[in-house]
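Colleague: I would like to learn how to read a model like this one. Please take me through it feature by feature.

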Amino acid sequence: MGLFGRLRSSPYTVSALKALTWLPVVVFVVDHGFSYGPVNGRSMQPTFNPDSNKLKRDFVFLNKWAVNDHNFERGEVVTLTSPTDPKLQITKRIIAIEGDTVQPLRHSAAPVHVPKGHCWVEGDEAFHSRDSNSFGTVPMALITAKVTHILWPPSRFGAVEKRPVNLDRVSIGFIQPGRDDDFW
């Protein structure tokens, strides 16, 4: 009996082929839908990795589907491709969106106007974060997912809170569609 004869006679062949037909669906969902990932470093303390132990990391639920419409709100936590190192994924909180004006944490810096299609992101722990205070506004196209829940450790399982922005630092603006597009 040849190779195909043995495969056909195996009771596992049909089950394996049925499972393999779902592989493209699973790959699509993980790439474009929902996934999980670790949060590294101290830049988002105390929201993530609150105990500074480098051996313990929080794992979070990533909603990649939610970024397709580029509808972001101030205070949401997102993952994005680092503007300074495209190989690196970083986790930050959106502080300001297009049309807003932000006072950077460096007090000597002038206020920054967030242009159309961009946002201002910061880590929750300002002293351990490389964020918009060091690299400026970020194109919203670099955002890869919204972080919605902490999955691990089980003692911290739950939704990630959306924090209100500090209105002493952020002047909320607005963009009128079809008006002053050249300014942006």
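Modeller: Start with exposure. Buried means under 20% relative accessible area, exposed over 50%, and partly exposed in between (1.4 Å probe, protein chains only). P46 is exposed, with a relative accessible area of 53%. This is a predicted model: local features need pLDDT of at least 70, side-chain atom pairs count only at pLDDT 80 or more, and totals for chains, interfaces and linings use all residues. Residues are numbered from 1 along each chain as its sequence is written, and side-chain values use heavy atoms, with hydrogens and water left out.

Colleague: Where does P46 lie?

Modeller: P46 sits in the loop between β1 and β2. Helices (H or I, at least four residues) and strands (E, at least two) are DSSP runs, numbered from the N terminus. P46 and E125 are 79 residues apart in sequence, yet their C-alpha atoms are 7.4 Å apart in space.

Colleague: Now salt bridges. How many are there?

Modeller: The general idea is that side chains of opposite charge can pair when their charged atoms come close. A salt bridge here is a side-chain nitrogen of Lys or Arg within 4 Å of a carboxyl oxygen of Asp or Glu. The count by this rule is eight. Take D58 and R156: their closest N and O atoms are 2.5 Å apart. D58 lies in strand β2 and R156 in the loop between β9 (143–152) and β10 (158–159), so the pair ties together parts that are 98 residues apart in sequence.

Colleague: Is D58 buried or exposed?

Modeller: D58 is buried, at 3% relative accessible area. R156 is partly exposed, at 24%.

Colleague: Which residues form salt bridges with R163?

Modeller: R163 meets D124 in a salt bridge, at 3.3 Å from N to O. That pair links distant parts of the chain: R163 is in the loop between β10 and β11 (170–171), D124 in the loop between β7 (118–122) and α4 (132–135), 39 residues apart. R163 also forms a salt bridge with E161, with the closest N and O atoms 3.5 Å apart. Salt bridges that share partners join R93, D124, E161 and R163 into one network. Within it, R163 is partly exposed at 27%, and E161 is exposed at 51%.

Colleague: How do I read a pocket?

Modeller: Rolling a probe the size of a water molecule over the atoms shows where empty space is left. On a 1 Å grid over the protein atoms alone, a 1.4 Å probe is used; a pocket is an open set of points with protein on both sides within 12 Å along at least five of seven lines, and lining residues have an atom within 4 Å of a point. A volume is the space filled by probe spheres set on the points, which are joined across faces, edges and corners. The largest pocket holds about 430 Å³ of space. Its lining has 24 residues, with N40, L88, Q89, I90 and T91 nearest the centre.

Colleague: Which element gives the largest share of that lining?

Modeller: β4 does, with four residues. β1 (34–39), β2 (58–63) and β4 (89–97) each supply at least two. By class, the lining has seven nonpolar, 12 polar and five charged residues. Here Ala, Val, Leu, Ile, Met, Phe, Trp, Tyr, Cys and Pro count as nonpolar, Asp, Glu, Lys and Arg as charged, and the others, Gly among them, as polar.
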